[in-house]
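This briefing goes through selected features of one model, grouped by topic. Please keep the sequence and the structure at hand while reading.

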Amino acid sequence: MQQNYIGGKWVDGATASRNVNPSDLSDVIGEYAQADAAQATAAIEAARAAAPAWAHATGQARSDALDKIGTEILARSRELGELLAREEGKTLPEAQGEVNRAGQIFKFFAGEALRVAGEKLPMVRPGIEPEVTREPVGVVGIITPWNFPIAIPAWKAAPALAYGNTVVLKPADLVPASAWALTEIISRAGLPAGAFNLVMGRGSTVGQAMVNDKRVDAITFTGSVGTGSAIAQSAIARMAKIQMEMGGKNPLVVMDDADLAVAVDCAIQGAFYSTGQRCTASSRLLVHKNIHADFVAAMAERMRTLRIGHALRPETQIGPVVDQSQMDQNLRYLDIGKSEGARLVAGGERVQCDTDGYYFSPALFADCDNGMRISREEIFGPVAAVIPFGSYEEGLALANDTDFGLSAGICTTSLKHATHFKRHVQAGMVMVNCPTAGVDYHVPFGGRKGSSYGPREQGRYAAEFYTTVKTAYVNA
């Protein structure tokens with residue numbers, strides 16, 4: 001059994017859970033410890049005890065530790081990619097890409113640990129010199145989702161450690177293996193005991209203990225809107241700092257001047273790759289009525305060629321959905337779409353492969369409008385709705401007519417429309433002739449409205465959440 005990591009030691013959990021491969025339900029990856037509230041509390045105590053030493057470590061010490069972590073992740077990308085593909089269902093190339101990103105994130109923040117900037121400002125009072133510095137927030141509680149089981153723990157833990165915070169990580173209960181492997185690497189990087197802690201277990205037990213404990217100074221969460229809202233309310237009630245990354249219902253606007261092949265490629269990748277299990281997926285395809293029929297036909301033709309299968313097979317383009325619950329949700333939304341009058345053009349079937357897994361063919365609905373539930377609610381699966389529009393202004397209005405605002409894209413050859421869209425679409429990230437899913441590690445990640453709350457993640461903007469600003473005056 002793979003153990004929790006608390007105060008620099010590996011410890012058994014109160015119980016254990018099996019980690020099963022969604023590509024092959026007979027493949028048990030391993031048994032992983034499940035912490036109870038007492039172990040969560042012990043991890044918080046360890047993080048609090050380690051906080052002063054890590055906060056006052058030199059930038060070089062932090063940089064060296066993070067660089068060592070990143071180097072090992074990159075060196076083991078094939079092995080860790082296979083592990084990730086087995087437990088989450090991403091295809092092997094996608095899984096290895098995610099592992100590489102995790103390594104690059106640690107490398108990036110190894111550099112940022114040496115670039116924590118302050119300001120020395122001019123005097124406005126004679127002899128009184130002001131300066132502004134950034135300091136660690138303290139203990140950071142990290143709660144991560146199942147769809148990016150190593151990249152999201154990395155993009156939260158790396159900046160937390162780089163800026164001198166200590167960490168308690170609770171990964172998604174469904175995919176503990178990648179987070180455990182990351183923790184095992186971190187455990188050998190030279191951090192003080194307690195600076196990084198792993199407590200695997202249920203959110204209602206471990207996560208709630210972290211959210212409620214006043215010794216946890218900040219909570220960063222990625223997951224569903226409902227859970228994020230509940231965490232935010234509890235954390236704000238005790239004045240903890242929060243960073244919430246939640247859902248998306250992302251639009252891809254396809255203008256009638258778009259290159260059709262480019263638009264179809266953007267839609268296929270954005271809506272269906274990673275089995276649609278991304279908060280940045282393009283689940284609303286807003287298509288100009290002049291090319292609507294051609295676009296739908298081209299999408300259906302391309303979808304027939306998609307190869308669905310075991311995540312580790314080299315020919316596979318679409319792996320399984322993550323578990324039975326997600327399969328049931330996908331099928332339920334297919335029924336909802338049909339009942340609303342949408343036309344199922346392609347896919348939407350449970351697929352039989354040579355291994356018993358959660359295989360599902362990506363689904364495309366046409367004859368949709370933006371008021372349908374399949375156009376408004378996050379499905380978190382490979383299900384996309386095509387919505388026609390008649391003018392650029394109408395397409396932009398439809399793109400913005402959502403409770404979410406994470407990512408948005410436009411396919412067009414018009415510089416005028418591309419420029420206007422970048423400025424006026426209500427989203428935190430905008431793509432022009434690119435899939436809505438797929439962002440880099442050195443730029444800010446986050447959205448607006450119901451998608452995000454609090455400072456941005458990743459890149460140099462991560463400092464806004466993981467540090468606090470101090471102003472000092474010196475009487476010269």
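**Surroundings of Leu161**

Leaving aside neighbours within four places in sequence, Leu161 is in contact with Trp54, Arg62, Leu66, Val167, Leu191, Ala195 and Phe196, where contact means heavy atoms within 4.5 Å. The model is predicted, so that local features need pLDDT of at least 70 and side-chain atom pairs count only at pLDDT 80 or more, while totals for chains, interfaces and linings use all residues. Residues are numbered from 1 along each chain as its sequence is written, and side-chain values use heavy atoms, with hydrogens and water left out.

- Leu161 has its place in helix H5 (residues 151-162); helices (H or I, at least four residues) and strands (E, at least two) are DSSP runs, numbered from the N terminus.
- With 0% relative accessibility, Leu161 counts as buried, given that buried means under 20% relative accessible area, exposed over 50%, and partly exposed in between (1.4 Å probe, protein chains only).
- Between the C-alpha atoms of Leu161 and Gly228, which are 67 residues apart along the chain, the separation is 23 Å.

**Helix H8**

- Helix H8 (residues 225-237) has 13 residues, which at 1.5 Å a residue should span 18 Å, and the 18 Å between its end C-alpha atoms agrees with this; the expected span is 1.5 Å times one less than the number of residues.
- Gly228, Ile231, Ala232 and Ala235 are the buried residues of H8, and they lie on the same side of H8 because they cover an arc of only 105° around the axis, the arc being that of the directions from the helix axis to the C-beta atoms.
- As background, an α-helix has 3.6 residues a turn, so residues three or four places apart point the same way.
- The buried residues of H8 pack against strand S7 (139-143), H7, S10 and strand S11 (241-245), whereas the face of H8 turned away from its buried side carries the exposed residues Gly226, Gln233 and Ala237.
- After H8 comes Met239, whose phi is positive, near 65°.

**Strand S18 and its partners**

- Strand S18 (residues 407-411) is mostly covered, with five of its five residues buried; Ser407, Gly409 and Cys411 point one way from S18, and Ala408 and Ile410 point the other way.
- S18 pairs in the parallel sense with strand S12 (residues 251-254) over three bridges, where two strands pair if DSSP finds at least two bridges between them, and Gly409 in S18 is the bridge partner of Leu252.
- S18 also pairs in the parallel sense with strand S19 (residues 429-432), over four bridges, and here Gly409 stands opposite Met431 in S19.
- Together, S18, helix H14 (residues 415-424) and S19 make a right-handed β-α-β unit, the crossover being right-handed if, with the strands pointing away from the viewer, the path from the first strand over the helix to the second runs clockwise.

**An antiparallel sheet**

- Three strands form an open sheet in the order S5-S6-S22, with antiparallel pairing, and its edge strands, strand S5 (119-120) and strand S22 (467-475), each pair on one side only.
- Strand S6 (residues 128-136) pairs with S22 in the antiparallel sense over nine bridges, and Glu135 stands opposite Thr468 in S22.

**Salt bridges**

- The structure holds 25 salt bridges, a salt bridge being a side-chain nitrogen of Lys or Arg within 4 Å of a carboxyl oxygen of Asp or Glu.
- One of these joins Arg48 and Asp217, whose closest N and O atoms are 2.9 Å apart; because Arg48 lies in helix H1 (residues 37-55) and Asp217 in the loop between helix H7 (203-212) and strand S10 (218-222), the pair ties together parts that are 169 residues apart in sequence.
- Arg48, with a relative accessible area of 30%, is partly exposed, and Asp217, at 23% relative accessibility, also counts as partly exposed.
- Asp265 and Arg302 meet through their side chains in a salt bridge (3.1 Å, N to O), and this pair links distant parts of the chain, with Asp265 in helix H9 (residues 260-272) and Arg302 in helix H10 (residues 292-304), 37 residues apart.
- Asp265 counts as partly exposed at 28% relative accessibility, and Arg302 is partly exposed with a relative accessible area of 26%.
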